[in-house]
Amino acid sequence: MGRDKALLPWHGRTLIEHIVASLKEVSDDVLVTTGAEKRYGDLLDVSIFADEIPHKGPMGGLYTGLRHARYEYSFAVACDMPLLEKTILDLLKRELDDSVKLVVPQVRARRVPTLAIYHRECLSVIELLLAQGRSSLQALIDSVPAKTIPEAQLREIDPELRSFINVNTLRDWGKLVSS
């Protein structure tokens, strides 16, 4: 994209501010991981951490977040999904049970690990995967007991799957702000 997506403007604030505010409505333990360098301290009133294992993409951020999270289970949400509905978070939470360490939605035949619930026990699996040179969140999903929420179930509460629209390009951004 050529710029930090988290700082794109969204309804009078940045995307990262919007996502943090949304998550504060469902949890009292919101924290942000920011990649190799700690950023956004001037924008956010939550705990912020640079990745403890830098340059590993979302896996490094997830690792850091799980290490600092107060609870056994944590929502992981990308900062570039501004249309996220609380009802999707509620659905993922309802699908938790003692048999799984991860609840992940599936949209268009693809699991969405950047909007999922992870158990703290995923930390040891992340360490193992990274030691093997594997930093894919899909590999993590394949390595722990996981529950996949099918698209049909997601559409029952978000018929257009708007919660899963993310911003990867300036064209994506243009479509989103013009809709």
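Let me start with Asp28. At 52% relative accessibility, Asp28 is exposed, because the cut-off for that class is over 50%. Keep in mind that this is a predicted model.

Who is the partner? Asp28 makes a salt bridge with Arg70, and the closest N and O atoms sit 3.4 Å apart. Asp28 is in the loop between helix H1 (15–24) and strand S3 (31–33), while Arg70 is in the loop between helix H2 (58–68) and S5, so the bridge ties together parts 42 residues apart in sequence. Arg70 is partly exposed, at 48% relative accessible area.

Next, Arg120 and Glu72. They form a salt bridge too, with 3.5 Å between the closest N and O atoms. Arg120 belongs to the loop between strand S8 (115–119) and helix H4 (122–131), and Glu72 to the loop between H2 and S5, so parts 48 residues apart in sequence are tied together. Arg120 is partly exposed at 21%. Glu72 is partly exposed as well, at 43%. Back to Asp28 for a moment: shared partners join Asp28, Asp29 and Arg70 into one network of salt bridges.

Now the third pair. The side chains of Lys5 and Asp80 meet in a salt bridge at 2.8 Å, N to O. Here 75 residues separate the partners: Lys5 is in the segment before strand S1 (9–10), and Asp80 is in the loop between strand S5 (73–77) and helix H3 (86–94). Is Asp80 buried or exposed? Asp80 is buried, with a relative accessible area of 5%. Lys5 is partly exposed, at 22%.

And the total? The structure holds 13 salt bridges.

Technical notes: Residues are numbered from 1 along each chain as its sequence is written. This is a predicted model: local features need pLDDT of at least 70, side-chain atom pairs count only at pLDDT 80 or more; totals for chains, interfaces and linings use all residues. Side-chain values use heavy atoms; hydrogens and water are left out. A salt bridge is a side-chain nitrogen of Lys or Arg within 4 Å of a carboxyl oxygen of Asp or Glu. Helices (H or I, at least four residues) and strands (E, at least two) are DSSP runs, numbered from the N terminus. Buried means under 20% relative accessible area, exposed over 50%, partly exposed in between (1.4 Å probe, protein chains only).
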